[in-house]
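Today I'm going through the charged side chains and who pairs with whom.

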Amino acid sequence: MKYDVTITNIGSLAPNFLENSSSIILLDEGVRPNLTEMVVEHTPGDLKEDIQAGDTLTMGARRKFKVVSVGEAANENLRKEGHCTVVINAEGSMPGQIIVKGGLPPRLNVGDKITFE
């Protein structure tokens, strides 16, 4: 297990990002209160090893996705603030994004786990 956190809050605008941009913005709880409405906040986690292409992301109700690319700033941002943008079944090229491919986007709930392995 490289990273393991639990969702503590889902901002009111976060479902819109998932629906319209195929993306989920992750952030440690309480780090940036001004972004709470836009992000999925989670318990602080310890990134034990860099996320890389080929890893597996599990979100919510056991939805599994394959990591296809990792932006150059994503691992550092995860270490510092639990922050990255997960882009699901779409293209992306921003430094803080982790691009994943798989089935249907997850239905996230407070208390769900997010893991990279």
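Which side chain does Asp4 meet in a salt bridge? I found Lys113 there, at 3.4 Å, N to O. For my notes, a salt bridge is a side-chain nitrogen of Lys or Arg within 4 Å of a carboxyl oxygen of Asp or Glu.

Before going on, I noted that this is a predicted model, where local features need pLDDT of at least 70, side-chain atom pairs count only at pLDDT 80 or more, and totals for chains, interfaces and linings use all residues. Residues are numbered from 1 along each chain as its sequence is written, and side-chain values use heavy atoms, with hydrogens and water left out.

Back to the first pair. Asp4 sits in strand E1 (residues 3-10) and Lys113 in strand E8 (residues 113-116), 109 residues apart. Strands (at least two residues) and helices (H or I, at least four) are DSSP runs, numbered from the N terminus.

Next I checked Arg32. It bridges to Glu81, with the closest N and O atoms 2.7 Å apart. Arg32 is in the loop between strand E2 (23-28) and strand E3 (40-42), while Glu81 belongs to helix H2 (residues 74-81).

Then I took Glu91, which pairs with Lys101 at 3.5 Å between the closest N and O atoms. Glu91 is exposed at 71%, whereas Lys101 is partly exposed at 30%.

Last, I saw a salt-bridge network linking Lys2, Glu49 and Asp55. My tally: seven salt bridges.

Definitions and conventions:
Buried < 20%, exposed > 50% of the residue type's maximum accessible area, 1.4 Å probe, protein only.
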